[in-house]
Amino acid sequence: MNKLSFKSFIKSLIVITLLVTINSENLLAQSKNPSPLHFPTPKNIDNMLFYIQRDPNINTAIYAINYQENGKIDKSNPVKAYWIRYAEKGEKKDLSYLQRKFAYGIESKTLNNEEFELQFVSYKKLPLTLKKVESDQKYRVFVSVNQKKIQVEKIFVRIEGGSFWLPNVKYAEVTGIDASSNKTITERMLLK
């Protein structure tokens with residue numbers, strides 16, 4: 001092999017190595033995609049506070065203000081949760097007993113007249129605050145994630161395998177309005 005063909009060979013090898021590396025990084029970035037599913041955005045949901053979407057399907061848990069017949073918030077149970085079963089033609093369905101008690105249910109504690117602490121039954125390390133906002137007199141849910149106070153709009157939970165009782169939860173992403181900048185943000189947190 002002469003010097004010229006050896007240099008061409010080395011250059012070709014470097015180019016191939018770079019292409020393989022770039023291609024591998026692209027594949028790795030694609031594998032970090034939160035889900036291969038396309039999730040619909042819930043629209044026109046009465047009194048919705050926020051929603052949760054997660055693998056392994058597009059069914060969406062809705063969390064809404066629980067008003068009494070007199071139009072006031074039910075202080076003993078201020079948030080109601082239910083499914084929009086997009087995988088089943090968008091049917092609205094209550095959470096099952098097991099889902100309410102062990103997975104997607106919300107427990108509440110009154111902090112004052114118009115403010116409540118909320119916790120998911122399945123993950124008590126993330127306290128949320130439900131309170132009436134003075135500017136529009138509507139209830140909103142707030143949470144602190146990564147030292148940022150967020151008005152919650154949606155939560156995405158990445159699940160990779162496991163079982164109903166022990167799902168393999170990789171992380172959760174909270175999307176909403178940053179209270180300090182008033183801009184939409186998404187913050188990821190690892191759940192342990």
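Reader: What makes Asn146 worth a look in the hairpin of S8 and S9?

Author: In this predicted model, Asn146 takes a positive phi near 55 degrees, in a hairpin with 2 residues between the strands.

Reader: And how do you know that S8 and S9 pair?

Author: Two strands pair if DSSP finds at least two bridges between them. S8 and strand S9 (residues 148–162) are joined by 4 bridges, so they pass, and they run antiparallel.

Reader: Moving on, why is Thr60 called buried?

Author: Buried means under 20% relative accessible area. Thr60 comes in at 0%, so it counts as buried. Thr60 lies in strand S2 (residues 57–65). Leaving out residues up to four places away in sequence, Thr60 touches a list of residues that includes Pro42, Tyr51, Tyr82, Trp83 and Tyr86.

Reader: How do you know that the side chains of Thr60 and Gln53 make a polar contact?

Author: The cut-off is a pair of N or O atoms within 3.5 Å. The Thr60 and Gln53 side chains are joined at 3.0 Å, so that pair qualifies. A polar atom of the Thr60 side chain also lies 3.1 Å from the backbone oxygen of Ile58.

Reader: Why is Leu98 called partly exposed?

Author: Partly exposed is what falls between the buried limit of 20% and the exposed limit of 50%. Leu98 has 38% relative accessibility, so that's where it lands. Leu98 lies in helix H2 (residues 97–103).

Reader: What makes Leu98 part of a nonpolar patch?

Author: A patch residue needs over 30% relative accessible area, and Leu98 is at 38%. Leu98 forms the patch with Tyr97, Phe102, Phe164, Trp165 and Leu166, and together they have about 710 Å² of accessible area.

Reader: Last one: how many helices and strands does the chain have?

Author: The chain comes to 2 helices and 11 strands. Buried residues make up 34% of its 192 residues. Its accessible surface is about 12600 Å², with 53% of that belonging to carbon and sulfur atoms.

Technical notes:
Residues numbered from 1 in each chain as written. Predicted model: local features only at pLDDT ≥ 70, side-chain atom pairs only at ≥ 80, totals over all residues. Heavy atoms only, no water. Buried < 20%, exposed > 50% of the residue type's maximum accessible area, 1.4 Å probe, protein only. Polar contact = N/O pair within 3.5 Å; in protein donor to acceptor, adjacent residues only side chain to side chain. Contact = heavy atoms within 4.5 Å. Patch = residues over 30% accessible without salt bridge, like charges linked within 9 Å, V, L, I, M, F, W, Y side chains within 5 Å. Areas by Shrake-Rupley, 256 points an atom, 1.4 Å probe, with all protein chains shown as cover. Salt bridge = Lys/Arg side-chain N within 4 Å of Asp/Glu carboxyl O.
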